[in-house]
Amino acid sequence: MSEFTVLDLLDLDLKEHNQLQLKCIAGRSGLSRKIPNDKISRPGLALSGFFTDFASDSIQLFGRGEQAYLQELETKGDWTNIDRIFSYQLPCVIFIGGEKPSEHFIDIAEKNATAILSTPLESAVFSRRIYTLLDEVFAKTETIHGVLVEVYGIGILIRGDSGIGKSEVALELIERGHRLISDDTVKIKKVSDNYLVGSGENPMLAHHMEIRGLGIINLQTLFGVGAIREKKQIQLSVRLEKWREDKNYDRLGDQNTTEIMGINIPEVLLPVSGARNIPSLIETAARNERLKKLGYYSAKEFDQSVLKWLEGEAARRLYYNTDTLKEE
């Protein structure tokens, strides 16, 4: 994300299990200040006067320990380290447990145009939620050409040359009860350097689809809200290409992968011809991928069955050849 401010943090529309429950209690002039990274800092050492490697460009979180130490400093009337903390361009300060700082602390924050936020959540819960949130906000993004659908709970990225029929395949899948995330262009986020999440590049247009001969259709209006989804982890790539008679296609189900933003995703190559039901094949690929996640690999089981059969045949041949030699 090019720019993310304290006001953006307050305005985020989060689901209930991720809500930060933040409110601004002071320093509103600092709501436009940028949050430059996804780091959170606990300023306990800075309060004690140790400023070496002080993470001043991070959100400052005042938990129970920092609040108790802060009260002790205020009781003593020692504002030296507090003034020094606010001399930095802090993105914002967040107080945990619904607590509020003293009026003098608020005055210092107002003077330095630093927003003071408060949440009723405790440190462990709030830290977990905000780390998850910021990790996604600052995740690397890339936009690619394709269609993203959810089939049997598996996020499937459908790619292929223009005109191959990606949108028509997605439309058939939606008619079968599956869901669309985005058509034509997919914005991909690399979350935690571990997995990919896809969504529409433009949320207002993501659930519209262009079908040659029909034009633009609104899937939410045609099929209802159950036919769409805002975002989904990409767990399988399906690449469509025109059938080529001179090409040998995979017939055993070997595990092929494709790299997207440095992460390997399982990929299935499906040749398209008039006689093939591509939506059914994609449904089967989704079911097969779910089985793999449960530790069941059809190709490996087939290989093992073939090996057992060959070993059995070899043993029988050896047995019968031995008996023949004894008779002779």
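A residue counts as exposed when its relative accessible area is over 50%, and as buried when that area is under 20%. Keep these two cut-offs in mind for this predicted model.

**A glycine in a loop**

Start with Gly262. Its relative accessible area is 53%, so Gly262 is exposed. Gly262 sits in a loop. On one side of that loop is strand β16 (256-260), and on the other is strand β17 (263-272). Now look for Lys190. Along the chain, Lys190 and Gly262 are 72 residues apart.

**A strand with two partners**

Next comes strand β15, residues 236-242. Is this strand mostly covered or mostly open? It is mostly covered, with 5 of its 7 residues buried.

Strand β8 (residues 154-160) runs parallel to β15, and 5 bridges join them. Here Ile156 stands opposite Leu236 of β15. Strand β17 also pairs with β15. This pairing is parallel too, and it spans 6 bridges. Lys242 stands opposite Val272 in β17. As a rule, side chains in a regular strand alternate between the two faces of the sheet.

**Aromatic pairs**

How many aromatic pairs does a search of the whole structure find? The search finds 8. A pair of aromatic rings is described by two things: the distance of the centres and the angle of the planes.

Among the pairs is Phe62 with Phe95: their planes are at 15 degrees, so this pair is stacked. The ring centres are 5.0 Å apart. Phe62 belongs to strand β3 (residues 59-62), and Phe95 belongs to strand β4 (residues 93-95). The pair therefore ties together parts 33 residues apart in sequence. Phe62 has a relative accessible area of 2%, so it is buried. Phe95 is buried as well, with a relative accessible area of 2%.

Phe86 and Phe105 make another pair, and this one is edge-to-face. Phe86 lies in helix α4 (residues 80-86) and Phe105 in helix α5 (residues 103-111), so the pair links parts that are 19 residues apart in sequence. Phe86 is buried at 2% relative accessibility. Phe105 is buried at 1%.

Here are the two pairs in brief.

| Pair | Centre to centre | Angle between planes | Type |
|---|---|---|---|
| Phe62 and Phe95 | 5.0 Å | 15 degrees | stacked |
| Phe86 and Phe105 | 5.1 Å | 75 degrees | edge-to-face |

Which residues form one aromatic cluster? They are Phe62, Phe86, Phe95 and Phe105.

Terms used
Residues are numbered from 1 along each chain as its sequence is written. This is a predicted model: local features need pLDDT of at least 70, side-chain atom pairs count only at pLDDT 80 or more; totals for chains, interfaces and linings use all residues. Side-chain values use heavy atoms; hydrogens and water are left out. Helices (H or I, at least four residues) and strands (E, at least two) are DSSP runs, numbered from the N terminus. Buried means under 20% relative accessible area, exposed over 50%, partly exposed in between (1.4 Å probe, protein chains only). Two strands pair if DSSP finds at least two bridges between them. Rings of Phe, Tyr and Trp (its six-membered ring) pair if their centres lie within 6.5 Å; planes under 30 degrees apart count as stacked, over 60 as edge-to-face and the rest as tilted.
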